[in-house]
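Subject: Structure handover and notes

Hello,

Please find the structure below, with its sequence.

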Amino acid sequence: MALRDTRLLRQLAPRLISLLAEYERADGGAHRSAACPGKGRATGDCYEEEPCVYDLPPCVRPSRLLGLVAEVLGDDFAFFPSGEMLIWQVARHEGYNIPAYPMAGCGDCKEFLADYGARDVPSWYEDRGISRQTVASFYAYSCIMARNREYWRKIMLVPVGDVDDANALAAHLVRALRFCDGRQDGAADPTLFRC
């Protein structure tokens, strides 16, 4: 059994998913797509690509919800308010010397990209399922980086408008919670990566 599987707070992830599922909208227009199996009742079983819509109590603040998920998932979860900084945090985690201003020309930026087979920053993100168009408009996104039980990581985009709306943010956080609790691997999903 891996060390992180024994952490007490990690066991709360499925319970947090269930708790949030109680606040899925139950009306016919509740889900963004008819493909969501919730179909008018709170099941918590929405497809990853078809997020449910939530109706949380007004006292739930986005920052507190984000903090709770970060506390429960620990090192398996990271939130980046600015999507373009994620690549450099991965590089630093891998031991590369990345300066505060990575594109200044100093440090190990070029070496990091070469070691990952990327010719430039957008191609590194492309290998992780994020298009060049999206990278060019990163000002409009925050990012979540989540790690699952098999130590595979995934990058999930969060439109900046959703970060300040607890109901919209909940859908992204549930997606991250489900991924962290799963056992997907790089063979099934080429956008997953390890670091």
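How many bridges join β1 to strand β2, and which way do the two run? Four bridges join them, and the strands run antiparallel. Some ground rules before the rest. This is a predicted model, in which local features need pLDDT of at least 70 and side-chain atom pairs count only at pLDDT 80 or more, while totals for chains, interfaces and linings use all residues. Residues are numbered from 1 along each chain as its sequence is written, and side-chain values use heavy atoms, with hydrogens and water left out. Helices (H or I, at least four residues) and strands (E, at least two) are DSSP runs, numbered from the N terminus. Two strands pair if DSSP finds at least two bridges between them.

The sheet

Three strands make up an open sheet, in the order β1-β2-β3, with antiparallel pairing. Its edge strands, each pairing on one side only, are β1 (77-80) and β3 (153-159). On average, neighbouring strands are turned by 20° against each other, direction ignored; axes here are lines fitted to C-alpha atoms (for helices, over the stretch in contact), and angles run from 0 to 180 degrees between N-to-C directions.

Strand β2 covers residues 141-147. Opposite alanine 78 stands methionine 145 of β2, and phenylalanine 79 has isoleucine 144 in β2 as its bridge partner. Towards β3 there are seven bridges, again antiparallel; here cysteine 143 is partnered by leucine 157 of β3. β2 and β3 form a hairpin with five residues between them, and in the turn tyrosine 151 has a positive phi of about 70°. Because six of the seven residues of β2 are buried (under 20% relative accessible area; over 50% is exposed and in between is partly exposed, with a 1.4 Å probe and protein chains only), β2 is largely enclosed by the rest of the structure.

Helix α3

Helix α3 (residues 86-93) packs on the sheet and touches β1, β2 and β3, its direction making about 35° with that of β2. Contact means heavy atoms within 4.5 Å. The buried residues in α3 include Leu86, Ile87, Trp88, Val90 and Ala91. Among what covers them are β1, α4 (109-115), α5 (121-126), β2 and β3. Just after α3, glycine 95 takes a positive phi of about 95°.

Leucine 86 belongs to this helix and has a relative accessible area of 0%. What does leucine 86 contact, leaving aside its neighbours within four places in sequence? Its contacts are Phe80, Trp124, Tyr125, Cys143, Met145 and Ile155. Tyrosine 125 is 39 residues away along the chain, and the two C-alpha atoms are separated by 9.6 Å.

Helices α8 and α1

Helix α8 (residues 166-181) lies across β1, β2 and β3 and runs at about 175° to β3. Helix α1 (residues 13-21) packs against α8 at an angle of about 150°, with the axes 10 Å apart. That makes α1 roughly antiparallel to α8 (over 145 degrees; under 35 is roughly parallel, 65 to 115 roughly perpendicular and the rest oblique). From α1, the contact uses Ala13, Pro14, Leu16, Ile17 and Leu20; from α8, Val174, Leu177, Arg178 and Asp181. These residues divide into seven nonpolar, no polar and two charged, where Ala, Val, Leu, Ile, Met, Phe, Trp, Tyr, Cys and Pro count as nonpolar, Asp, Glu, Lys and Arg as charged, and the others, Gly among them, as polar.

Regards
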